[in-house]
Amino acid sequence: MEAYMRTMNRLEQPFRGATTLQEQINHLFGNGLGHTAEESNLTPWAPAVDIYETEHELVVKADLPDVNPQDLDIRVENNILTIRGERKFDTKAHEDNYLRIERAYGSFSRSFSLANSVKSDAIQADYHNGVLTLSLPKREEAKPKQIKVNVGAQSGPRVMAASAGSPGAR
């Protein structure tokens, strides 16, 4: 009876794990032929990313829980920052033992255009509690510069010299 219920549950959810219309169509027409059952249920994914700017740098934060930091590939080429990696499906438990699989697994790639203002040779990457933080320092010329405004009257000698040299000052 339990095996029957699992089969019925799978038949009622033919697109289980497929998140986009293209994936549903591919699944329906058997684009996944030749994949194992485990691979066919894995969906492509892209980690959520926050990007913000400070006075001295751009900061990119990516949510990468259960991604081994050694499996990350971070590159900058032609002012394009690319983060690649993979979250692997836990094979300790057999797929039939799972009651629900909602997290996406597999390879991912995210790319972002960078302004010429970033020092790509000085980027730092930190991974802590499943969050990748990239610090992209700005070039010196790209940092905001504050220009001081002098407030007050012009100096006395200039005004006097201009007055003394005028034709009507006799």
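A quick word on exposure before we start: a residue is buried under 20% relative accessible area, exposed over 50%, and partly exposed in between (1.4 Å probe, protein chains only). What you're looking at is a predicted model, where local features need pLDDT of at least 70, side-chain atom pairs count only at pLDDT 80 or more, and totals for chains, interfaces and linings use all residues. Residues are numbered from 1 along each chain as its sequence is written, and side-chain values use heavy atoms, with hydrogens and water left out.

Let's begin with the strands, which are DSSP runs (E, at least two residues) numbered from the N terminus; two of them pair if DSSP finds at least two bridges between them.

Now for the inside. A nonpolar core here is a set of buried Ala, Val, Leu, Ile, Met, Phe, Trp, Tyr and Cys residues joined through side-chain atoms within 4.5 Å. The largest one has 17 residues, and those touching the most other members include Leu81, Phe108 and Leu134. At least two residues of this core come from each of β2 (57-63), β4, β5 and β7. Take Leu134: leaving aside residues up to four places away in sequence, its contacts (heavy atoms within 4.5 Å) include Leu58, Ile74 and Ile83.

Finally, the charges. The structure holds 5 salt bridges, counted when a side-chain nitrogen of Lys or Arg is within 4 Å of a carboxyl oxygen of Asp or Glu. One of them joins Arg103 and Asp66 at 2.8 Å, N to O. Arg103 sits in the loop between β4 and β5 and Asp66 in the loop between β2 and β3, so this pair ties together parts 37 residues apart in sequence. Arg103 is partly exposed at 39% relative accessible area, while Asp66 counts as exposed at 55%.

Definitions and conventions
Helix = DSSP H or I, 4+ residues; strand = E, 2+ residues; numbered from the N terminus.
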